[in-house]
Every structure is written in C-alpha cells, then in structure tokens.
Amino acid sequence: MARIFICAKQGTPAPVSFHFIAVVNGCVFAIEAKRPLFEPRTRVVALGEDENIGGHIEQVEHSALNRPQSAAAQIITLATMTSFAEQLLKRNEAYLEKGHRAIPLFTDLGFTPKKMIFSCIDARVNPIALLGLTDADEAVIVRTASGTPARNLNDIAAIDNLTTITELIVLKHTDCGATYMTEDQIRAHIRTHNADIDGQVLKDYAVGTTHDIVERTRQDVELIKSSPIVRKELRETVSGLLFDITTGKLTRIV
Ligand SMILES: [Zn+2]
C-alpha cells in the first residue's frame, strides 16, 4: 500500500489523459488515468514487466485545494502493489515454462569436493560473473556484509564434513560499504531502534567494518587460519583476493 500526492497548478484545465510514473517498493510503475484525473480501480503496471505485475488505485482523495473539473491536488492510494517476493514467484512460473533440468542430488554427485568463497553482499559485486565461475568449479559462495567469514566459520566445518572442501577464498572489493561506517555507528543504529536491547548483545555485535580493506582482507584470512574448528590442512589453503570495482582487476593480497 502506498499513498502518492499529485499536484497540478490550480485552474489548469483537466487533461484528457494523464501519464504518471511512480516508484514503489523499488519498482517503477506506470499509471495512466483518463479524465477526470485519477479514478479508483485505475490499473497500475510495472514498467518492463509482465502486465500481471502491478496493482490498482484503491482510493482517490481530493485535497481542499481541488476544484471540480480542474487539475488540482489529489492523493491516490495504490493498493495491492506486488512485492518483490511475489514478483520472484511470478518469474519462477516463467522459468518453469522454459523447462527446468533437475539438479543432481548429493547422492548422485557422490559428495564431490568443493571450493568455498566468502564474498560481500554488495549487489554490485557478483562473484559468479567477475570470477567467471562455472558449475565445474563446484564453488560454494557465502555472501556476508564485508565478505568476512567471522560469523560463518561454522559453515566451513559443516560443508567440509559433507563434501570435503579443497580450497578457501576470501574475496574483498574496493569501495566496500564496510569502509563507510564503524561498528559503533551500527551499534548506535541498533540501540535507536531497540531501546531495550541487552547491553552484552550490543557489545558483542560486530560486522567487520574497516578503514583499510587490504588490512581487513589479511585479518579475515588470519581468522580462518587460526580457527580451531576448521580442519588444519584446509586452513592452509585460504587465499585473500581483492577486486577493484573500477578497473575490474583481481589482486592477491594473501
Ligand atoms: Zn562490500
């Protein structure tokens, strides 16, 4: 549900039709209304998407400034806007129509060896694309804020137990969001929105912020190397790589 305020200069003749663009839930919607301006039940459609994705105008409120038949202030309420999750379910229907090939079960694959890559959650940095990964690489990608393995050392032991991991990679990137904030700033944000939070929980909170991404890469590699729960031989396989988002070059730090 989204409320949008639309205003035109008082006294302006009502247009025959009105095209309007709105951004709701990160999606761009096109709204086209016939005279007189917007009407309830006017359909809104996500631009560039399936026509079934969208919603409708639920309610039109005229402001005190409005005059009959004039283009003046209106507030429209967009109802049943499709969430991103619902769009993904819709896209999956299209995916299924193209034909899905069953993914082999672990028992069919014989629990084959895997590589494991820790990468940042930053949407600009897609490890599959920038590393040219293929299915043959059998890489498990764990994406965390700043790409730190600090909170996922348990995952290494679990997957290693299942498939026997052969190599670990810590992948960092330039202009990482983790360099734009401090742990204290995030703790303050948490406290602002959770006034009754336990002090120890807040004190223990850390996400891996840094002012030096190269140094942070070394620290995260060391974190794996010194982990008592990661298999000893596996600890020695870990590399730290840095991807420059401007030049596209990948550099080994460790
Ligand atoms: Zn990042």
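Predicted model: local features only at pLDDT ≥ 70, side-chain atom pairs only at ≥ 80, totals over all residues.
The protein chain contains eight helices and eleven strands. Of its 254 residues, 19% count as buried. Among contacts between residues at least 6 apart in sequence, 58% join residues at least 24 apart.

The largest nonpolar core comprises 21 residues, and those with the most contacts inside it are L168, I169, V170 and L171. Two or more residues of this core come from each of β7 (114–120), β9 (165–173), α7 (213–225) and β10 (239–243). The most is given by β9, with five residues. For L168, the contacts beyond four places in sequence are M116, I156, I224, L234, T237 and V238.

The unreviewed UniProt entry lists C120, D122, H173 and C176 under "binding site". These positions are spread over 57 residues of sequence but cluster in space, the largest C-alpha distance being 9.2 Å.

D122 is located in the loop between β7 and α3 (127–130), whereas C176 is located in the loop between β9 and α5 (183–193). D122 counts as partly exposed because it has 17 C-beta neighbours inside 10 Å. C176 has 23 C-beta neighbours inside 10 Å and therefore counts as buried; the threshold for burial is 20 or more. Leaving aside residues up to four places away in sequence, D122 touches H173, C176 and G177. With neighbours within four places likewise left aside, C176 is in contact with C120, D122, S146 and I213.

Terms used
Residues numbered from 1 in each chain as written. Helix = DSSP H or I, 4+ residues; strand = E, 2+ residues; numbered from the N terminus. Buried ≥ 20, exposed ≤ 12 C-beta atoms within 10 Å, placed from the backbone. Contact = placed C-beta atoms within 7 Å. Core = buried A, V, L, I, M, F, W, Y, C linked by C-beta atoms within 7 Å. UniProt positions renumbered as here; feature names shortened; annotations may be inferred.
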